[in-house]
Amino acid sequence: MIDRDEWLDLARKLDWELSYVEEREAFPEQVSGRPWLPATGWQQWDEPYRTSYAEYVDTQSAKEVSVAAVRETVGRPEDMAKLDPAWLSAVKLHAATLPLAEFAAVIGNLRAARFGRDSAWRTTATLGALDELRHTQLPLLALHDLVPADPQFDWVHKLFHTDQWVAVAARHFSDELLLASNPIEFAIATNFVFETGFTNLQFVGLSAAARRVGDRLFEKLVQSIQTDEARHAQIGAPVLETVLAHDPEYAQYLIDKWFWRSWQLFAVITGFAMDYLTPLQHRAASFKEFVQEWVIEQFQSSLARLGLRRPWYWDQFVGALDYYHHMLYASAYSYRATVWFDFALPGPDERAWLAEKYPASWLELDPIWAQITERWRSAGPGVEWYTHGATPVAFCNLCQLVLCSGTPRHNGARQLTHEGRKRVFCSEPCEWIFLREPERYAPHEDIVARIMTGKAPANVIALVTQYFGLSKDDWGSDVRSGHYPWIRS
Amino acid sequence: MTIPLLGFVRGDSLGLIVLVDSEHSIAELAVRAQRAAAMRVAPAAHASVYFAGVRLAPELTVAAAGLGPLDRVDIVPLTDAEDARA
């Protein structure tokens, strides 16, 4: 029998000379991406895992058995009911925003499996598509089963099928990143920026938090997914290296665009979980500390290794680490009935911890929590509406998230009139992304535009129930509905 | 005519859609914006309103100030000391 290393490259590198169609017809630039290079320009493409399909099946099978064992042991509704309700909200946030985005990533990988420019790349993307299918199914299976015990878990499957505002933002992001991008942009944006740059926040940071909290099912789920991500993320760097060699400005543009968009997503799903929804005694580091270690240090060194510059807005990004997710969380807390998960009110101990972790910004942010706490104190426990907004909020015309950039002293929103229509953006990078490809983004209507054109109701209660698809059974509340002993003192 | 404005109350965490009538005064606009943000920012008795970096006179109407749909206005609540000086 010949040795694995003797046949593997032959099996992976199955490129051949086309005889009855031109290469440009088989791999049109519009679908394969740019820069368009002949096959010889991609033949050095390689990645370190070099997994065969047989090896893939063996490994995945073992992982499935392992996840199933944990699920059967500690994944029943009664097991989940023992967990802190704030932590369960972090799980609901993660579980609704990621599984169907992973399904969109199946499509992105399959496009690369056909239109990627090297056969080994196409092989790895095929395995990547199988990975992403698994990442869709695992949380749907494990967490949607909890619906009878907690209707908010219905949003694990439901979110992406609604026009709830987070869903609008999530689709705006994932449709472009995963469904519509060509294999080159997909590899740089998804595999390199999103997966190697950011997913460690969820897969390492949140997995460790899950262990400390005692949520073995969630820990096992994300760990199992992480090992797949680590493999197929390797698609990105060799694609980026080739693009860099031929069109460095385009490579830099894709890095700058997708780093910002990815950062915003993780500021919500990981920022909320690490700094607000993980019980204080189980927090090991702040979101900012984790980003500094896992994103800033590692991503910067990856960029430097490839000869790329840091994104032009780097100083704004670093500054936003002290503010952005805090402003989003406070905003979302006071509009919690517009989402499908609950919120924890930070008490004196949590606020002291946040002050210690965020000395540059907390003096500006703390008065917001002091005011919300005072409103709870005035109204008494159970009176959710007194700490809940009734006024419609504005959304960024690019990221579709609420306008929470900048600081409480000076919100960073920016306005411009583009082709006769007033636009608002939460930040300078969002405005820049819009202006680079206005034909792509301009037709999209944000929630406010839908309200103003009569497509969505202006009344907040009607908006929440009729347009977002929420009801009193599943809309977000305070996890303790104001029953905090420290509020009375 | 009802005009939706993008209101940013200093000290708040997000931008709001503040609905005003074109004949409302700027002072009324400040009251409405502060009321909309009240669960996060304690309202002050008075507030200054800025449009494109210029402070608007409180007695001016929204129409006279030239505000149109989705214009950004910044509302700066006055501290007691500032209020006394004003």
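# Exercises on salt bridges, an interface and backbone geometry

The side chains of A:Glu374 and A:Arg377 form a salt bridge, with N and O 2.9 Å apart; a salt bridge here is a side-chain nitrogen of Lys or Arg within 4 Å of a carboxyl oxygen of Asp or Glu. The model is predicted, so local features need pLDDT of at least 70 and side-chain atom pairs count only at pLDDT 80 or more, while totals for chains, interfaces and linings use all residues. Residues are numbered from 1 along each chain as its sequence is written, chains are lettered from A and ligands numbered from 1 in the order in which they are written, and side-chain values use heavy atoms, with hydrogens and water left out.

**Exercise 1. Find which parts of chain A are tied together by the salt bridge of A:Glu64 and A:Arg134.**

Step 1. The side chains of A:Glu64 and A:Arg134 meet with N and O 2.3 Å apart.

Step 2. A:Glu64 is in helix α4 (residues 53-74) and A:Arg134 in helix α8 (residues 119-144), so the pair ties together parts of chain A that are 70 residues apart in sequence.

Step 3. A:Glu64 is partly exposed, with a relative accessible area of 34%. A:Arg134 is buried because its relative accessibility is 7%.

Step 4. Over all chains, the whole structure holds 38 salt bridges.

**Exercise 2. Are A:Asp322 and A:Lys288 buried or exposed, and where do they lie?**

Step 1. A:Asp322 forms a salt bridge with A:Lys288, and the closest N and O atoms are 3.0 Å apart.

Step 2. A:Asp322 sits in the loop between α16 (314-320) and α17 (324-333) of chain A, and A:Lys288 in helix α15 (residues 287-306), so the pair ties together parts that are 34 residues apart in sequence.

Step 3. A:Asp322 and A:Lys288 are both buried.

**Exercise 3. Describe the interface of chain B and chain A by its contacts, area and polar pairs.**

Step 1. Contact means heavy atoms within 4.5 Å. By that rule, 24 residues of chain B touch 32 residues of chain A.

Step 2. Buried area is the accessible area (1.4 Å probe) that two parts lose on being put together, summed over both. The two chains bury about 2200 Å² between them, and 58% of it is on carbon and sulfur atoms. On the chain B side, B:Ser13, B:Met39 and B:Arg40 lose the most area to chain A, together 28% of what that side buries.

Step 3. There is one salt bridge between chain B and chain A. The side chains of B:Asp71 and A:Lys422 meet in a salt bridge, with N to O at 3.0 Å.

Step 4. A polar contact is a pair of N or O atoms within 3.5 Å; within protein, one must be able to donate a hydrogen and the other to accept it, and residues adjacent in sequence count only if both atoms are side-chain atoms. The rule finds 14 residue pairs in polar contact across the interface, both residues at pLDDT 80 or more.

Step 5. In chain B, β1 (2-9) and β2 (16-21) each supply at least two residues of the side that touches chain A. β1(B) gives the most to that side, with four residues.

**Exercise 4. Which backbone features do A:Pro35, A:Arg50 and A:Glu419 show?**

Step 1. The peptide bond from A:Arg34 to A:Pro35 is cis, with omega near 0°. A:Pro35 lies in the loop between α3 (29-32) and α4 of chain A.

Step 2. A:Arg50 is not a glycine, yet has a positive phi of about 45°. A:Arg50 is in the loop between α3 and α4 of chain A and is buried, at 18% relative accessibility.

Step 3. A:Glu419, also not a glycine, has a positive phi of about 50°. A:Glu419 is in the loop between β1 (414-418) and β2 (421-425) of chain A and counts as exposed, at 73% relative accessibility.

Technical notes
Buried < 20%, exposed > 50% of the residue type's maximum accessible area, 1.4 Å probe, protein only.
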